[in-house]
Amino acid sequence: MWSDDVCKSVVKELLFCLPHEWVGTLASEDPTSWCDMPEPQLESALGDWCKRVGVERDGVAGLSVRGDTAPFHTRRGNVLFLLWGLRSGLLGRWWITILGARSVWRCGCKGLHTLDKVWPIAGWSFQQLLLGVYPTHDNEGKEFKNPWRRDRAGRRLPIRAGILQLNGDWPWRSHISS
């Protein structure tokens, strides 16, 4: 990410809310409500997606990833990576990670240096959702040190899920697609 303090790109630690962890927690009370698609076109899209990736449709929820730029201050904004539930009763936005827009776009790479680090972590978490099991290792293959993660490692998630949509507002999409 870009640092105005030293006027160059620097490596910084990013905080993530890993989708497989909190979807597993949120869905544990009523897993079937996450998997029922309210609209025929969403049900059809989820069924087609399940066929393409070779999983049974039963117990799979459809989700949407959204990138958003959000004003935060008169000269600053945030770049949000959000996960949306596609079930009408579960429409909500849960953040995956949030980046300062200035630190993402400032170096001239249009966010590619930073986003190249974000997508593999998010993708790994989405894979865990598809597999339906809490992972035993992190996205780099290292064993978990965190007791909460170690305790859940290998347990089944209450649902599996797939990303059916990738959306974003205009500034986010224009930066990503260029």
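Here is a working chat about the predicted model shown above.

Q: Before we dig in, what should I keep in mind about the numbering and the model?
A: Residues are numbered from 1 along each chain as its sequence is written. This is a predicted model, where local features need pLDDT of at least 70, side-chain atom pairs count only at pLDDT 80 or more, and totals for chains, interfaces and linings use all residues, while side-chain values use heavy atoms, with hydrogens and water left out.

Q: What share of the residues counts as buried?
A: 40% of the 178 residues in the protein chain. Buried is under 20% relative accessible area, exposed is over 50%, and partly exposed is in between, using a 1.4 Å probe and protein chains only.

Q: How about the accessible surface of the protein chain, what does that come to?
A: About 10,400 Å², and 53% of that belongs to carbon and sulfur atoms. Those areas come from the Shrake-Rupley method with a 1.4 Å probe, and for residues only the protein chains shown count as cover.

Q: Among contacts between residues at least 6 apart in sequence, what share joins residues at least 24 apart?
A: That would be 57% in the protein chain. Contact here means heavy atoms within 4.5 Å.

Q: Let's move to helices. Why would I call α1 largely enclosed?
A: Because 7 of the 9 residues of helix α1 (residues 19-27) are buried, the rest of the structure largely encloses it. The buried ones are Pro19, His20, Glu21, Trp22, Val23, Gly24 and Ala27.

Q: And α3, which residues are buried there?
A: Leu42, Leu46, Gly47, Trp49 and Cys50. These cover an arc of only 160 degrees around the axis, so they sit on the same side of α3. The arc is taken from the directions from the helix axis to the C-beta atoms.

Q: What's on the face turned away from that buried side?
A: That face of α3 carries the exposed residues Pro40, Gln41, Lys51 and Arg52.

Q: What span should α3 have, and what does the model give?
A: At 1.5 Å a residue, the 14 residues of α3 (residues 40-53) should span 20 Å, and the end C-alpha atoms are 20 Å apart, which agrees. The expected span is 1.5 Å times one less than the number of residues.

Q: What comes just after α3?
A: Gly54, with a positive phi of about 80 degrees.

Q: Switching to aromatics: how many aromatic pairs turn up?
A: A search of the whole structure finds 1. Tyr134 and Trp148 are edge-to-face, 6.2 Å centre to centre with 90 degrees between the planes. Tyr134 is in the loop between α5 (112-131) and α6 (147-152), and Trp148 is in helix α6, 14 residues apart. For the cut-offs, rings of Phe, Tyr and Trp (its six-membered ring) pair if their centres lie within 6.5 Å; planes under 30 degrees apart are stacked, over 60 edge-to-face and the rest tilted.

Q: Tyr134, buried or exposed?
A: Tyr134 counts as buried, at 9% relative accessibility. Trp148 is partly exposed at 33%.

Q: What does Phe144 touch?
A: Leaving out residues up to four places away in sequence, Phe144 touches Trp124, Pro135, Thr136, His137, Asp138, Arg149 and Arg150. Phe144 lies in the loop between α5 and α6 and is buried, with a relative accessible area of 13%.

Q: Last topic: how many salt bridges does the structure hold?
A: There are 5. Each one is a side-chain nitrogen of Lys or Arg within 4 Å of a carboxyl oxygen of Asp or Glu.

Q: Which residues are linked in a network?
A: Asp151, Arg152 and Arg155. Arg152 meets Asp151 at 3.8 Å, N to O, and for Arg155 and Asp151 the closest N and O atoms are 3.2 Å apart. Asp151 is partly exposed at 45% relative accessibility, and Arg155 is partly exposed at 43%.

Q: What about Glu140 and Lys142?
A: Their side chains meet in a salt bridge too, at 3.1 Å, N to O. Glu140 is exposed with a relative accessible area of 55%, whereas Lys142 is partly exposed with 49%.

Methods:
Helices (H or I, at least four residues) and strands (E, at least two) are DSSP runs, numbered from the N terminus.
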